[in-house]
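Reader: I am new to this structure and would like to learn how to read it. Please take me through it one feature at a time.

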Amino acid sequence: MRRKQNKTHINSKIISLTFTQKKRIKRQQKEQEKNHAKFLKKIVYADKESKGCFVCGEGFPYALSYHHLNPEEKSFDIGTEVRKGKIGKKILYKEILKCICLCLNCHTKLNHNLIVLDLDKVEKSKEDEINDIFNINSCTDFSSIMNSSFYSNEYYIDNLQQEID
């Protein structure tokens with residue numbers, strides 16, 4: 001009796017894949033998502049470390065979180081989506097631009113109305129951040145991210161290098 005193969009559509013062509021081939025492809029996709037999640041995490045930690053807490057100046061990235069200035073504009077929770085690794089770098093940056101970086105203490109105080117943000121200071125900070133993103137010379141140092149042992153997948157490095165150039 002001949003083993004039945006499942007037919008799968010890839011690029012509008014019908015190809016036959018065995019069960020082991022499907023498992024290998026699934027495993028490779030999971031590995032790519034895992035590497036991409038590590039890459040996004042590295043970007044987020046570099047961003048947090050460079051900004052620090054908006055209120056008190058705390059600079060330890062593990063103690064910092066993003067606070068959405070307008071909760072109605074919130075598309076997703078940054079930490080959750082970074083861990084999943086299923087979002088793109090540009091989408092991540094768009095969401096980060098809607099936020100300010102706060103340490104966990106200041107974030108809690110802000111959520112319970114124990115501190116109030118100076119909106120003029122927030123607006124000026126956001127303008128500077130947007131100018132930094134569009135100024136090529138002062139963009140985040142991606143070469144240090146790409147050369148780190150934390151992220152070594154050649155596919156993502158090549159794509160990132162093309163976007164920078």
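Reader: What span does helix 1 reach from its first C-alpha to its last?

Author: The expected span of a helix is 1.5 Å times one less than its number of residues. Helix 1 has 33 residues and reaches 48 Å, close to the 48 Å expected at 1.5 Å a residue. Helices here are DSSP runs of H or I with at least four residues, strands are runs of E with at least two, and both are numbered from the N terminus. This is a predicted model, in which local features need pLDDT of at least 70 and side-chain atom pairs pLDDT 80 or more, while totals for chains, interfaces and linings use all residues. Residues are numbered from 1 along each chain as its sequence is written, and side-chain values use heavy atoms, leaving out hydrogens and water.

Reader: What lines the second largest pocket?

Author: Rolling a probe the size of a water molecule over the atoms shows where empty space is left. A pocket is an open set of points, on a 1 Å grid over the protein atoms alone, where a 1.4 Å probe fits, with protein on both sides within 12 Å along at least five of seven lines; lining residues have an atom within 4 Å of a point. The second largest pocket has a volume of about 450 Å³. Its lining has 22 residues, and Lys48, Asp77, Ile78, Gly79 and Arg83 are the closest to its centre. Helix 1 gives the largest share of that lining, seven residues. Strand 3, helix 2 (78–84) and helix 4 (104–111) each supply at least two residues.

Reader: Is His68 buried or exposed?

Author: His68 counts as buried because its relative accessibility is 9%. The place of His68 is in strand 3 (residues 64–68).

Reader: What does His68 touch?

Author: Contact means heavy atoms within 4.5 Å. Leaving aside residues up to four places away in sequence, His68 touches Lys74, Phe76, Glu95, Lys98 and Cys99. The side chains of His68 and Glu95 are also joined by a polar contact of 2.6 Å (a pair of N or O atoms within 3.5 Å, one able to donate a hydrogen and the other to accept it).

Technical notes
Buried means under 20% relative accessible area, exposed over 50%, partly exposed in between (1.4 Å probe, protein chains only). Grid points are joined across faces, edges and corners, and a volume is the space filled by probe spheres set on the points.
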